[in-house]
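Visitor: I'd like a close look at just one part of this fold, at the level of individual residues. Could you walk me through it once it's on screen?

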Amino acid sequence: MEYLPDHNCRYKDVGYWDERYKTEQSFEWFGDFSKFQHLLEQHVKKEDDILILGCGNSSMSSDMYDAGYLSITNIDYSSVCIDTMSARHLAKCPGMTWHQMDARKLSFPDASYDVVLEKGTLDAMLVEEKDPWNVSQDTACLIDQVLKEICRVLKPGGRFLSVTFAQPHFRKRLYARHDYGWSVRTCSYGDGFQYFLYVLTKGEKLSPEDAALERRLLEEAQALPTEVRTQESDTEAFLDSIDL
Ligand SMILES: C[S@@+](CC[C@H](N)C(=O)[O-])C[C@H]1O[C@@H](n2cnc3c(N)ncnc32)[C@H](O)[C@@H]1O
């Protein structure tokens, strides 16, 4: 696969993931499906059309399929990953589809999914960030591109489910935006280390607290000098530290 022309290469690029998937059989970020199934079942119906972004070599898709979620589309921008996963699941999960695709430029029509689900994919995009309170302009744009695509492909009333280690005070800064046209709810799971499931429902309003957070962040951004804050690339340390 080639990079899209606008690829800015700041985060772990497709080359990194291709190399990893050439040797790694499977890896589960933030626990397997059984750990958050009870939460997901509250927000996803068996008959929903589901899009999984950055599926990786996780067993989440096939675990969901086994649990009765039969309409699942998987995308990842690593063709190595997609080739391996489609071959692995062809016989066992015939209804499930696999596509090499960039989450920033989904080739699906508007309003085509009831649910968009990601686990660790946005975290991978934020991996070079040193300060989660101040996400760099480039990464904020990258995340915004993906979130806009998610909004576009969700049906009215559709849900974006995001599984991450990022706590609400960090992640809500990215998700709680009036422009996306969704509400933000948070649940958590995990023993010892806590993970989070964010549920963003298209067509619902932000809570007063989330709307106030957005206003405050906008005011802070307007008060900043025009000079754009930049960050040097970090080492592998952050990725290693979330390799849980
Ligand atoms: C941290 S891994 C998570 C894998 C899997 N979701 C899991 O739970 O184990 C991030 C995945 O996102 C994919 N990815 C990163 N950026 C992407 C993009 N722009 N479009 C599609 N997939 C992307 C990577 O190839 C990788 O498979």
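Visitor: Which residues in α1 meet which residues in α4?

Guide: Keep in mind that this is a predicted model. On the α1 side you'll find W17, D18, Y21 and K22, and they meet V80, C81 and T84 in α4. Sorted by class, that contact has 4 nonpolar residues, 1 polar and 2 charged. As for how the helices sit, a packed pair is described by the angle between the two axes and the distance between them. Here α1 spans residues 14–23 and α4 spans residues 79–89. Their axes come within 7 Å and cross at roughly 35 degrees.

While you have the model open, have a look at the strands too. Start with β5, residues 154–164, which is mostly covered, with 8 of its 11 residues buried. β5 pairs with β4 (residues 113–119) in the parallel sense, over 6 bridges. To find your place there, look for Y113, whose bridge partner in β5 is L154. β5 also pairs with β7, this time in the antiparallel sense and over 6 bridges. In that pairing, L161 has V199 in β7 as its bridge partner.

Methods: Residues numbered from 1 in each chain as written. Predicted model: local features only at pLDDT ≥ 70, side-chain atom pairs only at ≥ 80, totals over all residues. Axes fitted to C-alpha atoms, helices over the stretch in contact; angles between N-to-C directions. Helix = DSSP H or I, 4+ residues; strand = E, 2+ residues; numbered from the N terminus. Contact = placed C-beta atoms within 7 Å. Nonpolar A, V, L, I, M, F, W, Y, C, P; charged D, E, K, R; others polar. Buried ≥ 20, exposed ≤ 12 C-beta atoms within 10 Å, placed from the backbone. Pairing = 2+ DSSP bridges.
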